[in-house]
Amino acid sequence: MPELSHSLLAWWEVHGRKDPALKPWMFTKDGRWPEPHEHLNVLECWIAEVMLQQTQLQVVLPYWTRWMERFPTVLALAEADEQEILLLWQGLGYYSRARRLHQGAQQFLRTYGKGLSDDAFDRWPRDLESWLALPGIGPSTAGSILSSAFDLPFPILDGNVKRVLSRLSASSTPPARNSKELWVLSEQLLSREQPRNFNQALMDLGATVCTPKNPSCQQCPWSEQCAAYASGDPLAYPVKEAPRELPFQVIGVGVVLNDAGEVLIDQRLNEGLLGGLWEFPGGKQEPGEAIETTISRELQEELAIEVQVGEELISLDHAYSHKRLRFVVHLCQWRSGEPQPLASQQVRWVQPQQLKDFPFPAANARIIAALLARLHPEEGTAAA
Ligand code: SF4
């Protein structure tokens, strides 16, 4: 284990992603990689680690930059309006992460008071349990925050690290059912002298060398000890679960316009994957049902309105991790009934140009672009 740890750190000294333009939260305010045991801004590390939970580094960076400009302190985040938070998160997906950051900041303030800032390092918790008590923080995110910010020896086990360690050990069990063994391995490998650098090195190895589809084993500091490489087929690891067919569902969506040219949107309930976001109303197509019938039925059931379902505006497919959806979107003309939020938090008539001010799920961006292009064809893509 010490040999593996040393060889990884030696590789990282030369090849690690130590670019302040790529991971600004990992650098001191004067632009240096921190010395051992030197502190970093805890809030910056916390936000980055939560954004990185399901998203790649390059995608996260502009979101993180905008977020830290707007919410540079725990107090600013705790006191923020949730709609603004969701708007800043728009496009990153897994919106519950944003809401939990908001709740976490409020919980921090209740526990530690308003003086919590990056200057007050002694007031930030340094134990795993305090971080795990926050919503949306698991052991890997907590370990990453503590090792990044304080250089404390806590192991990590995110998706990339699971892949690397599954290959290193040529584990015959899929990672989802092998996390106990992988945690032990991550802990055993962890350098006690340089935990921050070691965890960064492990993540960098997974992101740049031991990649999912094309591992560069010739460049890997662990190639001599790696059991997957020794097997001659590193791509056979991690062992995969038997594939399962994702359920498929057609969703009828109504873009409802009234006589004033306003469009109807509703805000989803807070539960679930896209909770709290805005959307165009609609719902699942029943077996054998025409899509126009689906739309008028759903608008009647969920908003208590009658509409004239018009022509199709756009049809688009969207895959989530657990299901595939096809949205068939029709323009509709409102006929009667005051819209009621029977299955949502609230409903609103807005001018089409105002849609950009509301946080929508990613799939809706194309619906909005299609609507604006339909309403203002002369403006072409500029309207979108
Ligand atoms: S030798 Fe290849 S498979 Fe093994 S850890 Fe390195 S890159 Fe991954």
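Modeller: Rings of Phe, Tyr and Trp (its six-membered ring) pair if their centres lie within 6.5 Å. Planes under 30 degrees apart count as stacked, those over 60 as edge-to-face, and the rest as tilted. The model is predicted, so local features need pLDDT of at least 70 and side-chain atom pairs pLDDT 80 or more, while totals for chains, interfaces and linings use all residues. Numbering runs from 1 along each chain as its sequence is written, and side-chain values use heavy atoms, without hydrogens or water.

Biologist: How many aromatic pairs does the structure hold?

Modeller: Apply the 6.5 Å cut-off between ring centres. The count of aromatic pairs is 14.

Biologist: Which geometry do tryptophan 46 and phenylalanine 108 show: stacked, tilted or edge-to-face?

Modeller: Their ring centres lie 5.1 Å apart, with 80 degrees between the planes. The pair joins helix 2 (residues 42-51) to helix 6, across 62 residues of chain. Helices here are DSSP runs (H or I, at least four residues), and strands are E runs of at least two, both numbered from the N terminus. An angle over 60 degrees decides it, and the pair is edge-to-face.

Biologist: Why is the pair of tryptophan 67 and phenylalanine 71 edge-to-face?

Modeller: Both partners are buried: tryptophan 67 at 1% relative accessible area, phenylalanine 71 also at 1%. The centres are 5.1 Å apart, and the planes meet at 70 degrees.

Biologist: Which residues form one aromatic cluster with Trp46?

Modeller: Phe108 is one of them, the edge-to-face partner already described. The cluster members beside Trp46 are Phe108, Trp124 and Trp131.

Biologist: Which cavity does the ligand take?

Modeller: A molecule sits in a cavity or pocket if more than half of its atoms lie within 2 Å of the grid points. The ligand takes the largest cavity.

Biologist: Which element gives the most to the lining of the largest cavity?

Modeller: The lining has 15 residues, with Arg167, Cys210, Cys217, Cys220 and Cys226 nearest the centre. Helix 9 (159-168) and helix 12 (227-230) each give two or more. The top contributor, with three residues, is helix 9.

Biologist: Which residues surround the ligand?

Modeller: Near means a heavy atom within 4 Å. By class the shell has seven nonpolar, one polar and one charged residues. Its members are Arg167, Val209, Cys210, Cys217, Cys220, Ser223, Cys226, Tyr229 and Pro234.

Biologist: What volume does the largest pocket have, and which element gives the largest share of its lining?

Modeller: The space is about 800 Å³. Of 32 lining residues, the closest to the centre are Leu52, Gln53, Thr55, Asp158 and Asn160. The largest share, five residues, comes from helix 11.

Biologist: How does the lining of the second largest pocket divide by class?

Modeller: This pocket has a volume of about 670 Å³. Its 29 lining residues include Ile251, Arg268, Glu279, Gly282 and Gly283, the closest to the centre. Ala, Val, Leu, Ile, Met, Phe, Trp, Tyr, Cys and Pro count as nonpolar, Asp, Glu, Lys and Arg as charged, and the others, Gly among them, as polar. The lining has 15 nonpolar, six polar and eight charged residues.

Conventions
On a 1 Å grid over the protein atoms alone, a cavity is a set of points where a 1.4 Å probe fits but cannot get out, and a pocket is an open set with protein on both sides within 12 Å along at least five of seven lines; lining residues have an atom within 4 Å of a point. Grid points are joined across faces, edges and corners, and a volume is the space filled by probe spheres set on the points. Buried means under 20% relative accessible area, exposed over 50%, partly exposed in between (1.4 Å probe, protein chains only).
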